[in-house]
Structure formats: C-alpha cells, structure tokens
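Let's take a walk through this model together, one feature at a time. Have the sequence and the 3D view ready.

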Amino acid sequence: MLLARVALPVPLGQVFTYSVGAELAASVRRGARVLCELGKRRVLGVVLEVNDREPEIPVEKLKPVRAVVDAEPVLPEELLGFLQEIARYYIAPVGEVMELALPAVERSAALAVEAPADTRAVGRLVQVAHAVAGVATPKLRGKAPLIFEHLVAEGPAALTALEERWPSARNAVAKLVEAGAVTLEKREEAVDPFTVEVAPDVPPSLTPAQAHAVEAITRRLERGEKQAFLLEGVTASGKTEVYLRAAKRCLELGRGVIVLVPEIALTPQLVARFRARLGSRIAVLHSGLGEVERHAMWRSLRSGEVRIAVGARSALFAPVQALGLICVDEEHDGSFKQEEGVRYHARDMALLRAHRAEAVCVLGSATPSATSVELARSGRLELLELPARARAASELPEVEVVDLRRTGPGPGGERLISVRMFRALEETLAARGQSILFLNRRGFAPSLVCTACGKITECPNCAVALTLHRARGGQLICHYCDHHEKLPDKCRQCGEQAFEEEGAGTERIESVLGQILPGARIARLDRDVAAGKKSERVLDRMRAGDIDVLVGTQMVTKGHDLPNVTLVGVLNADAALSLPDYRASERTFQLLVQVAGRAGRGETPGRVLIQTWQPEHPAVALAVKHDVKGFVAQELEQRREVGYPPFARLALVRFEALEDEVARSQTERLATAARKWGAPDVEVLGPTAAPLARLRGRYRHRFLLRAQDRARLRLVLLGIARAPVDRRVRMAIDVDPVSML
Ligand code: ADP
Ligand code: ZN
C-alpha cells in the first residue's frame, strides 16, 4: 500500500500519514500539496515522502489523501529540504516551518475551491463577461442591449470595468447570462509588481579593498564552489557595492540571489541601488505588501522569471531558483531573529541554506557579531575586510565622551541634554549641518511615580511600568502588550495627586529641544510617529534638508546614508547595558558604533558625542575608538571564560500560564526531567521566573540548557518537546536564543 507522509500546518511535531489511492498514485509526489482530513477539518499539506513501508498505525485507520493540488512540487527541492532541516534544528513543527515559505494565498486558495490545480486561485480573480458568438442582440429592457453590443464590438470585459461605465451593469449582465447571450468567466487579473522604472547607475571604480573582496567572492561563484564570507567593513566602506557586484556576476552565471537586510521599510535607498544596478525585476519582499503583490512576487520567483529577492528575514524563504548567492547585510542585527512561532535566526539559516545549495554566502557588517568573528577565526568563514570609508574625502568621525556623572542638567533642566551636547547642537545649526540624537526610549517619560507612596503605575497585564505619552491627549502605554489608558488623576494605591514623571523618552527630548533651540526644525523618528512608509517620509525630509535635528530610537541608527549629518549625539549610552542578557555589552557596542557611523558620510567631517554614566565600560570605551577588533576579542575572551556562545550552545525553554503557580510547577517538573536526561553533558540553568515575569496576562518561568555538543542538547530538547505538558501551560523552545527576557 502506498503511503504519503504529509506536513500539515498544525503546531504538532509529527508528520501525518495518509493512504494513497490507486487513482492518485501517479500524482502524489514529494513537494506537492495535497488535501487531507484532520479530524473533521480539511487541510492542505505538503507531501514530504511517498513510500510503501509498513505504517505505524493499522492500515484501516489511515485516511486517504483526498486530492492532489499541484502537478509540480510547490517548493523547489532545495528549499523543501532546507525547511525540513530548520524544523529539525529548532525542534519546530515541520508544517509550521513550511508555512514560512508559502504565501497565504497558496496555503488557502486550493482549500477554498476544494479542487485540483486548474482552479488554483492566483492573483486577483475578476469576473469577465463574454458575448456568446452568433447570438442576436436580445430584446431586453434597460442597458442590457447596449452592454451586449459593447461586448460584441470591443471584446470581453471585466464586470468591474462595465460597472464603471454603467452602474447597473451587474444586473444587466445577469439578465444577459440568463438569456444565453453572455457567459461569465473567472479570470485572473495580471498583477505586475515590477513596474518601477529606474535609471541605471554608473558603477564607481572599486577601491583596492573592494576589488579584492569582489574578486574573492566572484571566483567562488564562477567555479561553482560553496563558501561563506565575513565582509567586515567600517560604516560607509562600500559593502553594498560589493553585494551589487557579486549579485550581478551571480545573475550573469544564471543563478539566483537573495539579499537580506534588517529592516526593508527603513532602507528604500538600498533597494533603489539594487534596481539601478540590476534592473527593476527584483522581488522586494516586505511587510507592507498586499497579499496579491506578495503572491505575484512569489510566483515570479518560483517560475524563475525573477531571480533576485531582497527583503527582511523572511526573504530567506524566497523560492529563488538555482540559488547561487545569499548576502546578509548588517548580519549582527537582532531583527534577523524571529521571536515567535518558529524561532529561527535568518543569518544562521542563511549559512545553512547556502551550504546546502552549494551557494556563496556573504555576511556583511561594520560590527560583526562575536559569533561570526569566531567562525572566521576558526576558518569556517573567510574574512574580507574593508578598513576605510569608500569615498576619499570621508573619514570616520571624531568621538567624544560626556561623563554624565560629572555634568549637571543642561538647559531646560534636562539631564539628558548636557551643556556640551547643547553647544554642539548650536554649533552644528550655525554651520547649517544636520544633527541626529539617539535615545532608545520612545514616549515622553518611561514611568509615572506617585511621590506620596512611591507606587509606579504598572501595566495590568505585564510586569512593567507604563510609559507616559503626551501625544494624543496624554496616555499611559505598555510597550509590551500595547495596553493603554488615560492619565490617572490620582494614585490608585494611596489616592494622592502627587505624580512625577521619571526619566526621558524621545517625545520629551523633542519637546525640550523645541524650547532650547528656537527656530530649529526638529523632528522625531520612532514607532509612534512612523510605521513603514511614514518613516520614509521623515527620512526624505531629512535628506531634503528640511530637518535640522532628528531625535529618534534605533530607527535612526539603521544604515541610512545621510551625507549632511555632521553631528550624532547618543543621549544615554548605557541604557541597554543593564539588561539581563549575556549579549548586552555586545549589543551596546554595536549600537554605538553604528550610530556614530551615521555622522560625516559626506564631504564635511562628522562629530559624535556619547553621553554615558560608565565611560570606562569596554562597550563604551572601545566604541569611542572605533576599535571593533579590540572589543570583539575581549568579549570573546569573557564568553570563553564563562562558557557562553559561541563557546557553548544555549536553548531557552519558557513556560507561560495565567496562574503563576501553574507555570512555575510545570517549569520545575521539566527542569528536573531535563537535568536527569542531560547529565552530565547538558547543564540546566534555573528554573527561575523570567526577567519579564508577566506578559499579556501570563506568568512566565523558564530554564536554560547549556551544552558543548549540539547533538546532546537536541536529544534533551526532543524529550522536552514530547513530554506531556499541562494544558493550561504554553511552552516555547528557543534554540540559540537572542532575547533573554
Ligand atoms: P556600506 O554599505 O559599507 O555602508 P555603501 O556601499 O553604502 O557602504 O557606500 C557608502 C558610500 O560610498 C555610498 O554613497 C556609495 O555610493 C559610495 N561608494 C561605495 N563604493 C565606492 C567607490 N568604490 N568609489 C566611490 N564611492 C563609493
Ligand atoms: Zn502590558
């Protein structure tokens, strides 16, 4: 008996087995989607394997595959195999992993019509009216005869187009159909998301360092050899130029390209550069795409008609044909890690996909992650360096430190705008330069405290303080669950009216700047003012010179190329240092170097001021010197001493429940089991309450697993994944965790 092992989109670890009837035997194949029953539901799954092995359940209990949706595999074999390996690596349900690679339309359309390939909905479906050949104009009242004659004269037309001309067309057509004079057909409306016109650019002549890097990469491409590179180049050293050359050569060789960037919405310039060099037939994948556009992009990649995809982390799953090159820009960036569902890291998995596809992978950064540096040290990545900025005139900016312990509040009484920062802003304004001020906190004030009883207003759902926002009439907002409420007029605990705003966020800085720099054009860029497209507008105004001072969160640190920015101020360098996370120092260092890199990208040299409470902290002290190698070396030394990645493997196992006790006891039970299963190679750290002890109404507990050997760690995780868990508890396994909260 023929059996199909099918991955279904359900959060269960297993693969499901169905029988294959004789009539489907020829068409059920690996990679094809099939319609199956799961309980009473009909679901669409992807066939992973077809064989006639003995089933693990009695044959009479097997349900049959209902229908086969695809004649050809929906995913290329290379991608399918890669997805299966992701599922294994992250101990994630294979059906959920498949969903990462299939656009929603592909996942649901065939289900809706419950029928095989020819009725698969693709693109936007429109109703088209045709006049039946040889029929005389029917004698009907109203607009019907007119519409019929129109169809005869002009050919078939979409109902929507007819309605635009004759508002009652739908009715008239229905009558014409009834009279047998017109037939209706569902047709797919062509969607072409590649219509953007771009003028080609003139490639610059490469610097010697760029030429060397391009040579090393293209040599591998030409020989068809797989190799992974770490492209370490200071900010504005021309890394993007290297990706462009490599991508061009790869396409010329007939292979496909994927370019991953941290936040595509914030980097329209990068996309424009790719189009200017490689033409407009580039699939740009971002969260702002509509379902139809997304699907059109997916299909053109799948068919091989478009061979390059650019996007944020999920573009890793683009069905690019004959993949030859993956570039990961700003490889150190935390946004490559997905923090829900399948918790994959797009940079790590880019290395895996490229390796499996015999492709070249280029990880680029000015501040490479300690992990990647270690991979380069051990020879697994080949190191390519761009030590200087690409444009001859442009030098790395001077960095000065302002020790917040030794300076009082500046003008306007604002602690985070020191006198020196204020002077620098004034000087920059006078010289007609632009300034960027960075503060990693949105809102007006991080917390509201009652000075009578000391109570901080907390989120009712999460164990965090509510942030005060002045915009939109004044609100308290939770930055974790988006709970918001009106500003209270008195303390809930003691009834006094004695609130004090503690600390400063971007809103407050913006407002203080307005007072102390009258006449300056000030703008803010953070999630509150700008989601997606809107941030482009702020950046466009900045580029056009309509803004003097831009205050913002890490949105201002991303790779923008703003040549007129001559001052960059970091208001509080230590904000992220105190996080309970072994990467806190690394992250702070990267952030500081990246923000500093925004300064002086044009002709005028730049200046950077870093305000800090801990000037001697290595993350600050070495960022001031742009000493990336020095920082990473000492960071790796420390990680080695305490046994943290990349010198050990970590997995975080987290449990959440509405009742604290339920989550706690479940965590303890599995921690104990894990200790038993893993001894002596796998260490269990914890269990403890998570640093963010309550989130969206759920209490959170966790433990960490640590091991030298991935295989041993995996076995323990498999045990945990399969262990029965209290139904009131949600469990999440996070392999190679990034967020420790
Ligand atoms: P990165 O990606 O390292 O930040 P970019 O590729 O954005 O650097 O380059 C920074 C600036 O230098 C851009 O304006 C780019 O056009 C320019 N540039 C890059 N390579 C060269 C080169 N070889 N000669 C002149 N200008 C260059
Ligand atoms: Zn909350």
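Arg 432 has a positive phi of about 60 degrees, although it is not a glycine. Most residues other than glycine have a negative phi, and most peptide bonds are trans.

Before going further, a word on conventions: this is a predicted model, in which local features need pLDDT of at least 70 and side-chain atom pairs count only at pLDDT 80 or more, while totals for chains, interfaces and linings use all residues. Residues are numbered from 1 along each chain as its sequence is written, chains are lettered from A and ligands numbered from 1 in the order in which they are written, and side-chain values use heavy atoms, with hydrogens and water left out.

Two peptide bonds also deserve a look. Pro 645 and Pro 646 are joined by a cis peptide bond with omega about 5 degrees, and Pro 646 sits in the loop between helix H18 (628-642) and strand S27 (649-657). A cis bond also joins Gly 686 and Pro 687, with omega about 5 degrees; Pro 687 lies in strand S28 (residues 683-695).

Now turn to the helices. H7 (residues 208-223) and H8 (residues 239-252) pack at an angle of about 25 degrees, their axes 9 Å apart; axes are lines fitted to C-alpha atoms, for helices over the stretch in contact, and angles run from 0 to 180 degrees between N-to-C directions. That makes H7 roughly parallel to H8, as angles under 35 degrees count as roughly parallel, over 145 as roughly antiparallel, 65 to 115 as roughly perpendicular and the rest as oblique.

Finally, find ligand 1. Of the 17 residues around it, Gln 210, Lys 239, Thr 240, Arg 273 and Arg 391 come nearest, where near means that a heavy atom of the residue lies within 4 Å. An oxygen atom of ligand 1 lies 2.5 Å from a polar side-chain atom of Arg 391. For Arg 273, the corresponding distance to a ligand 1 oxygen is 2.8 Å, and for Lys 239 it is 2.9 Å.

Technical notes: Helix = DSSP H or I, 4+ residues; strand = E, 2+ residues; numbered from the N terminus. Polar contact = N/O pair within 3.5 Å; in protein donor to acceptor, adjacent residues only side chain to side chain.
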